[in-house]
Amino acid sequence: MRKESVLPKMAYRLLNPGCVVLVSAGDGERDGLFALTWNMPVRKSPGTVALLSGKRHYTYGIIERTRELGISVPDASIVDAVYGCGSTTGHRGVDKWERFGLTRQQAEKTRVPLVEQAVATLECRVEQVVDMGPSALIIAEIVAARAAPEHFDADGAWCFDHGLQLIHHLGGAAFGVTDRVVRAKAR
Ligand SMILES: Cc1cc2nc3c(=O)[nH]c(=O)nc-3n(C[C@H](O)[C@H](O)[C@H](O)COP(=O)(O)O)c2cc1C
């Protein structure tokens with residue numbers, strides 16, 4: 001999907017809806033990819049995100065070594081691939097890209113593989129890791145962001161006029177959808 005650069009000060013808005021995302025990492029030889037629900041922006045400028053990852057995830061091992069990660073925002077058209085990426089592990093030698101019909105897209109500023117089919121992508125460098133026992137709370141700075149211009153406008157707003165359906169994990173194989181905007185009246 002064609003994407004254009006997003007202004008750094010608007011990049012955090014890509015994660016404002018709280019969608020499930022695909023997190024990726026690569027070291028030039030190996031790469032990994034997994035579904036992640038627990039993510040949020042934590043600073044506007046420089047744009048910074050927080051993600052909670054299991055420390056045993058294959059992809060987390062690569063993030064730990066490279067200190068880089070990619071975030072790809074999927075829409076409902078690839079919900080099966082998202083669920084698949086969250087239900088299989090790279091530890092067993094599976095190439096999830098191939099298995100779930102996803103295409104690697106080259107990053108601009110990092111070595112992370114991004115998901116071509118995603119509606120938006122972010123490249124991040126790890127700033128801090130907070131040890132949470134079996135999980136790690138990763139704080140990472142956004143160093144590049146791109147989005148499909150028909151779905152995310154230059155003012156930094158998601159747009160649902162062209163059939164976009166962002167997805168949210170409800171549990172198990174169930175996902176909810178965001179597909180319209182309601183505007184509050186100023187009082
Ligand atoms: C929809 C969905 C959301 C998930 N969200 C998270 C999450 O927020 N954090 C996490 O650590 N794992 C999450 N998982 C689990 C990982 O995606 C899963 O363990 C994955 O197989 C790890 O892949 P890897 O070992 O190849 O890195 C989620 C799984 C699914 C299906």
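How many residues surround the ligand, and which are the closest? The answer is 21, and the closest are F34, H57, T59, G86 and G90. Before I go on, this is a predicted model, so to speak: local features need pLDDT of at least 70, side-chain atom pairs count only at pLDDT 80 or more, and totals for chains, interfaces and linings use all residues. β3, β5, α1 and α2 each supply at least two shell residues, and β3 gives the most, with four. Helices (H or I, at least four residues) and strands (E, at least two) are DSSP runs, numbered from the N terminus.

In α1, residues 58-66, you'll find Y58, T59, Y60, I62 and I63 buried. Buried is 20 or more other C-beta atoms within 10 Å of the residue's own, exposed is 12 or fewer, and partly exposed is in between, with C-beta atoms placed from the backbone. The cover over the buried residues of α1 includes β2, β3, β5, β6, β9 and β10.

Now α2, residues 79-87. Which of its residues are buried? They are A81, V82 and C85. Looking down the axis of α2, these fall within an arc of 105°, so they line one face of the helix. That arc is taken over the directions from the helix axis to the C-beta atoms. As a reminder, an α-helix has 3.6 residues a turn, so residues three or four places apart point the same way. D80 and S87, on the other side of α2, are exposed. The buried residues of α2 pack against β2, β3, α3 and β11.

On to the strands, starting with β5. On one side, β4 (residues 39-43) runs antiparallel to β5, with four bridges joining them; strands pair if DSSP finds at least two bridges between them. R43 has T48 of β5 as its bridge partner, and β4 and β5 make a hairpin with four residues between them. β5 also runs antiparallel to β10, this time with seven bridges, and A50 stands opposite I139 there.

Leaving out residues up to four places away in sequence, S53 touches L36, Y60, S135, A136 and I138; contact is C-beta atoms, placed from the backbone, within 7 Å. S53 and N39 are 14 residues apart in sequence, and their C-alpha atoms are 9.4 Å apart.

Follow β10 along and you get to β9. Those two pair antiparallel over 12 bridges, with V130 opposite L137 in β10. They form a hairpin with two residues between them, and G133 in the turn has a positive phi of about 75°. β9 also pairs with β6, antiparallel again, over six bridges, and V73 stands opposite A120 in β9.

V73 turns up again in the largest nonpolar core, which has 48 residues. A core like this is a set of buried Ala, Val, Leu, Ile, Met, Phe, Trp, Tyr and Cys residues joined through C-beta atoms within 7 Å. L14, V21, L22, V23, L69 and V73 touch the most other members. β10 contributes the largest share of this core, five residues. Setting aside neighbours within four places in sequence, L14 is in contact with V6, V73, A120, L122, A145, A147 and F152.

T103 sits in the loop between α3 and β7. Beyond its neighbours within four places in sequence, T103 is in contact with W97, E116 and Q117. G86, one of the closest residues to the ligand, is 17 residues from T103 along the chain, and their C-alpha atoms are separated by 17 Å.

How values were computed. Residues are numbered from 1 along each chain as its sequence is written. Two residues are in contact if their C-beta atoms, placed from the backbone, lie within 7 Å. A residue is near a molecule or strand if its C-beta atom, placed from the backbone, lies within 6 Å of it.
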